[in-house]
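Student: I have just opened this entry and would like to learn how to read it. Could you walk me through it?

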Amino acid sequence: MSRAPVSSGDRAIGTVAMRWHGGSLELLDQRLLPDQEHWITLEGSAGVAQSIRDMVVRGAPAIGISAAYGVALAARHAGGGDWKTEIKQAIRELAASRPTAVNLFWALQKMEQVFSECHSLEEAVKRLSETAVQIHKDDLSANLAMADYALAHMDASKPFSVLTHCNTGALATGGYGTALGVIRRLHEKKLLKDVYADETRPWLQGSRLTAWELARDGIPVTLNADGAAASILAAGHVRWVIVGADRITANGDVANKIGTYSLAVLARHHKVGFMVVAPSSTVDMALASGKDIPIEEREGEELRQVRGVQIAPAGVKVFNPVFDVTPASLIDVIVTEKGVVSTPNMTGMAGLFS
Ligand code: MRU
């Protein structure tokens, strides 16, 4: 794979997580990063659903985009007999792959709408493929717009450091990134001193993916254990904590990678800004508050082992929720491509969509 970052116009957008070839989808296997850059080729929707479940591809927007391509593949490979039933079945299977990131259901709903308007398989193949490509392009545009909004909100004149959690970069999106897109833009504008990247136990999105993406694109990064975030904030090293989201509810509560909530508590305690950056496809106005968000729990082996090496007593009981909910009251600002909501609440969130 080429080491050069992909560019959109004259802007470098970082690496890519997926490549669409019309009849197939290639996914960069994120389970193997940073030591191996291995691409998996998928020709059917079942493989896409499995890849989302197994975290070959992860990150809320990237999951939604991949699922959309999965539906396009289902149409392309539909038997021609009862093609409508086959596509509906593929949508159901994709929807069951992961529960928390609402971008998955948002993208599938868009695809289902287009599918419902198609009168022939030929039309479905064409229109579903076009729609998936559009979803992908729109996500990249949203990321670029969010970086503009975030920098205007920060109104910085001198370089400063930030802390981030999980991976919200080009690997997690249609390109450039959400929180990591803002960080990229700070770097482009020479306003970035350093990025503290939480390692993000247990799946290590921070050390395996964020540190890799930033180092690869020449953006300064310092990796820290999750437990070091308190000391970093207490020492005054950081002006903003910037994170992404998997689902934002109508009152501004935010589900994101496990450990985000504790960071928000720390940021408030140390008077450090707490910014959430997510496209409107991550906002679920149908849910009143974060209490309603389904939180995925993954298997205990993710904590008992690291890449197959046992690091805990075999069979020890494990609690492994992979997301948590940060209450809106701890968030200073939510940035979307539709605009910015400061001190988020029900009114501010509704205003985004009015
Ligand atoms: O379990 P993951 O790796 O899919 O979780 C990803 C996150 O929690 C990200 O912070 C979120 O999806 C935002 S990605 C732009």
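Student: Which side chain has an N or O atom 2.7 Å from an oxygen atom of the ligand?

Tutor: That is Lys257, whose side chain places an N or O atom 2.7 Å from a ligand oxygen. A polar contact is a pair of N or O atoms within 3.5 Å; within protein, one must be able to donate a hydrogen and the other to accept it, and residues adjacent in sequence count only if both atoms are side-chain atoms. Asn256 also has a polar side-chain atom 2.6 Å from an oxygen atom of the ligand, and for Gln205 the distance is 2.8 Å.

Student: What should I know about the model itself?

Tutor: This is a predicted model, in which local features need pLDDT of at least 70 and side-chain atom pairs count only at pLDDT 80 or more, while totals for chains, interfaces and linings use all residues. Residues are numbered from 1 along each chain as its sequence is written, and side-chain values use heavy atoms, with hydrogens and water left out.

Student: How many residues surround the ligand?

Tutor: A residue is near a molecule if one of its heavy atoms lies within 4 Å of it. Here 18 residues surround the ligand, and the closest are Arg58, Ala60, Asp246, Asn256 and Lys257.

Student: Into which domains is the protein divided?

Tutor: Domain bounds come from an automatic or database domain assignment. Domain 1 covers 7-141 and domain 2 covers 151-353. Their C-alpha centres lie 24 Å apart. Counting contact as heavy atoms within 4.5 Å, 36 residues of domain 1 and 37 residues of domain 2 take part.

Student: How much area do the two domains bury between them?

Tutor: The size of an interface is often given as the accessible area lost when the parts come together. Buried area is the accessible area (1.4 Å probe) that two parts lose on being put together, summed over both. Domain 1 and domain 2 bury about 2,900 Å², with 52% of it on carbon and sulfur atoms. On the domain 1 side, Thr15, Arg58 and Thr100 supply 22% of the area buried against domain 2, more than any other three residues.

Student: How many salt bridges cross that interface?

Tutor: A salt bridge is a side-chain nitrogen of Lys or Arg within 4 Å of a carboxyl oxygen of Asp or Glu. The rule finds 3 between domain 1 and domain 2. Arg98 pairs with Glu296, their closest N and O atoms being 2.9 Å apart.

Student: Which residues does a cis peptide bond join?

Tutor: Most residues other than glycine have a negative phi, and most peptide bonds are trans. A cis bond joins Leu33 and Pro34, with omega about 5 degrees, and another joins Arg201 and Pro202, also with omega about 5 degrees. Pro34 sits in the loop between strand 4 (25-28) and strand 5 (39-42). As for phi, Lys190 has a positive value near 60 degrees.

Technical notes. Helix = DSSP H or I, 4+ residues; strand = E, 2+ residues; numbered from the N terminus.
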